[in-house]
Amino acid sequence: KQDTARPATAVASASAGSRLDSTAPAVDQPQRFIAGDEVLYNSSGGEHLRAVIVRVHRDKKNRAYYVVRLSEGKEKPVYGHRLSLFVRGDSDDTRKSRSCSRS
């Protein structure tokens with residue numbers, strides 16, 4: 001069986017916590033994504049937007065958060081609970097979520 005673990009990446013600390021989603025879980029979360037990963041960003045309005053991980057940081061509580069670049073070029077800091085790995089075949093365009101929670 002082949003090892004599918006992601007390589008460790010350097011994680012910078014930053015003080016951008018005030019711009020991040022305050023609803024993120026307060027537990028120390030492992031880093032789920034690396035720079036260059038294609039992801040779907042689940043906005044607070046229920047839209048799923050395609051994005052790319054630009055940088056990975058840690059907040060003051062040592063929680064991983066990500067700077068993502070949305071398709072229109074805007075960069076946004078977000079916690080991992082709003083991201084899922086983009087899988088080919090997913091919609092390339094914005095779409096509304098039909099459910100309140102996703103696994």
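Predicted model: local features only at pLDDT ≥ 70, side-chain atom pairs only at ≥ 80, totals over all residues.

Me: How many aromatic pairs does a search of the whole structure find?

Reply: Two rings pair if their centres lie within 6.5 Å, and planes over 60 degrees apart count as edge-to-face. The search of the whole structure finds two aromatic pairs. One of them joins Phe 33 and Tyr 66, whose ring centres lie 5.4 Å apart with 75 degrees between the planes, an edge-to-face arrangement.

Me: Which parts does the pair of Phe 33 and Tyr 66 tie together?

Reply: Phe 33 belongs to the loop between β1 (12–13) and β2 (38–42), whereas Tyr 66 belongs to strand β4 (residues 64–70), so the contact ties together parts that are 33 residues apart in sequence. Phe 33 is buried at a relative accessible area of 3%, and Tyr 66 is buried at 1%.

Me: What is the geometry of the pair formed by Tyr 65 and Tyr 79?

Reply: The rings of Tyr 65 and Tyr 79 are also edge-to-face, at 6.1 Å centre to centre and with 65 degrees between the planes. Because Tyr 65 lies in strand β4 and Tyr 79 in strand β5 (residues 75–79), this pair ties together parts that are 14 residues apart in sequence. Tyr 65 is buried, its relative accessible area being 1%, and Tyr 79 is buried at 3%.

Me: Where does the charged end of Arg 50 sit?

Reply: For a charge over a ring, one considers both the distance from the ring centre and the direction relative to the ring normal. Here the charged end of Arg 50 sits over the ring of Phe 86, 4.1 Å from the ring centre. Arg 50 also takes part in a network of salt bridges that links it with Glu 38 and Arg 88.

Me: How many salt bridges does the structure hold?

Reply: A salt bridge requires a side-chain nitrogen of Lys or Arg within 4 Å of a carboxyl oxygen of Asp or Glu. The structure holds five salt bridges. Among them is the contact of Glu 38 with Arg 88, at 3.0 Å from N to O. This pair links distant parts of the chain, with Glu 38 in strand β2 and Arg 88 in the loop between β6 (83–85) and β7 (95–96), 50 residues apart.

Me: Which residue forms a salt bridge with Arg 63?

Reply: Asp 59 does, the closest N and O atoms being 2.7 Å apart. Arg 63 is buried at a relative accessible area of 11%, and Asp 59 is buried at 9%. A further salt bridge joins Glu 75 and Arg 69, with 2.8 Å between the closest N and O atoms. In that case Glu 75 is partly exposed at 35%, and Arg 69 is partly exposed at 38%.

Me: What is the phi angle of Asn 62?

Reply: Asn 62 has a positive phi of about 65 degrees, although this residue is not a glycine. Asn 62 occurs in the loop between β3 (47–58) and β4, and is partly exposed with a relative accessible area of 40%.

How values were computed: Residues numbered from 1 in each chain as written. Heavy atoms only, no water. Phe/Tyr/Trp six-rings, centres within 6.5 Å; stacked < 30°, edge-to-face > 60°. Helix = DSSP H or I, 4+ residues; strand = E, 2+ residues; numbered from the N terminus. Buried < 20%, exposed > 50% of the residue type's maximum accessible area, 1.4 Å probe, protein only. Lys NZ or Arg CZ within 6 Å of the ring centre and 35° of its normal.
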